[in-house]
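Please examine the sequence and the structure shown below. The paragraphs that follow lead through selected helix contacts, an aromatic pair, individual residues and backbone details.

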Amino acid sequence: KLSGGKMRAARFHGAKDLRIEEVPKPDVPAGHTLVAMERVGICGTDLEEYLIGPVIIPKHRQPMIIGHEYLGRVIEDPLGKLKPGTLVIPDGIVGCGNCYYCDRHEEGICKNYECIGLTCDGGMAEFMATDPTRWIEVPKHVSADVAVFAEPMSVAVRALNKIPTIPGTKIAVTGGGTVGLLIAQAARSFGAAQVVVYEPNPVRQEVARALGFESLNPLNEKEWAHYDEFDSLLECSGVKGTTAKSLEKIRNAGSLVLVGFRPEEESFHLLNFVLSEKRILGTAAHMWDVDIAAAIALLAGPSIDTKPLLTDVIALDEVVTKGFDRLLNDKNAFKIVVDTTR
């Protein structure tokens with residue numbers, strides 16, 4: 001059925017063409033309900049789409065509402081579990097429902113999955129149709145400006161869960177942006193003995209140090225060579241050439257988790273890789289009831305500090321000028337969040 005009325009939404013029309021438009025409220029499929037959106041984070045993936053897209057966004061879906069780091073408030077819970085006004089994180093990954101991966105609750109690697117806000121209409125709007133059976137409730141003491149980090153925090157959780165063991169180990173994080181510093185904090189809370197953040201930007205280095213981490217410049221040969229033999233390295237920068245460089249930093253049988261990425265090929269020395277029995281793992285497909293649930297639990301506790309990572313909260317109408325354009329021009333910015341209620 002079509003919900004009556006109109007709403008404002010940020011819609012992607014192509015590279016450097018993002019428009020705030022008045023559109024009909026979304027269709028509400030059977031078993032779904034509308035949620036009043038409240039906060040949406042601008043992700044590096046969104047920025048890439050804005051700059052050179054469409055990359056992931058399907059051409060036939062344009063114009064498309066963007067936004068996959070979202071949360072909103074319950075209008076009415078058809079299941080009768082949550083009161084109106086409750087803050088929730090709706091599920092963002094939808095599988096086809098009828099394949100090898102979906103049968104095993106691995107919808108994120110379903111070959112025909114949808115990522116809400118990247119392959120179909122998302123949350124950077126006043127309302128979004130959601131599945132109430134796949135909400136994660138935000139604890140009452142957690143503010144919307146903290147809970148909006150749930151999606152990048154879930155990326156951190158999933159990436160760290162690719163590592164065989166964390167307690168007592170040495171971990172390196174390359175790339176001290178939002179996700180990198182969330183990974184560093186989560187690794188420390190999971191019991192890593194040492195976490196080193198490699199980041200060339202002096203402002204981001206200082207934020208990492210303020211959060212209690214040793215931060216070194218990977219472009220300085222002396223600083224890059226200061227440590228080696230990490231048990232694991234999580235590559236969050238996506239910079240060209242980082243795969244081979246990162247493999248050199250981990251011990252034999254160590255793990256390299258690729259979090260940052262580009263739509264390009266990378267090369268490394270195959271014989272050295274095979275003989276050292278190192279592992280390279282990709283990570284992306286965070287699930288609502290595992291990774292998002294863990295992310296909210298971490299954000300609700302004392303071990304994760306998001307305050308230094310929240311650069312600004314802007315209105316929906318400001319999303320281009322104070323959001324995307326600022327992120328393109330301000331290399332010191334971390335997370336810019338859109339308040340969809342204003």
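Which residues in H4 meet which residues in H10? Ala150, Glu151, Met153, Ser154, Val157 and Arg158 in H4 meet Asp291, Ile292, Ala294, Ala295, Ile296, Leu298 and Leu299 in H10, where contact means heavy atoms within 4.5 Å. The model is predicted: local features need pLDDT of at least 70, side-chain atom pairs count only at pLDDT 80 or more, and totals for chains, interfaces and linings use all residues. Residues are numbered from 1 along each chain as its sequence is written, and side-chain values use heavy atoms, with hydrogens and water left out. Helices (H or I, at least four residues) and strands (E, at least two) are DSSP runs, numbered from the N terminus.

Two packed helices are described by the angle between their axes and the distance between the axes. Axes are lines fitted to C-alpha atoms, for helices over the stretch in contact, and angles run from 0 to 180 degrees between N-to-C directions. Angles under 35 degrees count as roughly parallel, over 145 as roughly antiparallel, 65 to 115 as roughly perpendicular and the rest as oblique. The axes of H4 and helix H10 (residues 288-300) cross at roughly 110° and come within 8 Å; H4 and H10 are therefore roughly perpendicular to each other. By class, this contact of H4 with H10 has 9 nonpolar, 1 polar and 3 charged residues. Here Ala, Val, Leu, Ile, Met, Phe, Trp, Tyr, Cys and Pro count as nonpolar, Asp, Glu, Lys and Arg as charged, and the others, Gly among them, as polar.

Helix H4 (residues 150-160) also packs with helix H5 (residues 178-189), at an angle of about 55° and with the axes 9 Å apart. H4 and H5 are therefore oblique to each other. On the H4 side the contact is made by Pro152, Met153, Val155, Ala156, Ala159 and Leu160, and on the H5 side by Val179, Leu182, Ile183, Ala186 and Ala187. The contact of H4 with H5 has 11 nonpolar, no polar and no charged residues.

A further helix pair is formed by helix H1 (residues 44-52) and helix H11 (residues 319-329), whose axes cross at roughly 90° and come within 10 Å. That angle makes H1 roughly perpendicular to H11. Asp46, Leu47, Tyr50 and Leu51 in H1 meet Val320, Phe324, Asp325, Leu327 and Leu328 in H11. The residues of this contact of H1 with H11 divide into 7 nonpolar, no polar and 2 charged. The buried residues of H1 are Thr45, Asp46, Leu47, Glu48, Glu49 and Tyr50; buried means under 20% relative accessible area, exposed over 50%, and partly exposed in between (1.4 Å probe, protein chains only). These buried residues of H1 pack against strand E1 (6-14), strand E2 (17-24), strand E3 (33-41) and H11.

The aromatic rings come next. Rings of Phe, Tyr and Trp (its six-membered ring) pair if their centres lie within 6.5 Å; planes under 30 degrees apart count as stacked, over 60 as edge-to-face and the rest as tilted. By this rule the count comes to 6 aromatic pairs. Tyr198 and Phe230 form an edge-to-face pair, 6.3 Å centre to centre with 85° between the planes. This pair links distant parts of the chain, with Tyr198 in strand E12 (residues 194-198) and Phe230 in strand E14 (residues 230-235), 32 residues apart. Both Tyr198 and Phe230 are buried. Tyr198, Trp224, Tyr227 and Phe230 form one aromatic cluster.

Phe230 is also touched by Arg251, together with Lys170, Glu229, Asp231 and Lys278, not counting residues up to four places away in sequence. Arg251 lies in strand E15 (residues 250-258) and counts as partly exposed, at 27% relative accessibility.

Most residues other than glycine have a negative phi, and most peptide bonds are trans. Glu229, in the loop between helix H7 (221-224) and E14, has a positive phi of about 60° although it is not a glycine. A cis peptide bond joins Gly53 and Pro54, with omega about 5°. The bond from Gln62 to Pro63 is also cis, with omega near -5°. Pro54 is found in the loop between H1 and strand E4 (64-65), and Pro63 is found in the loop between H1 and E4.
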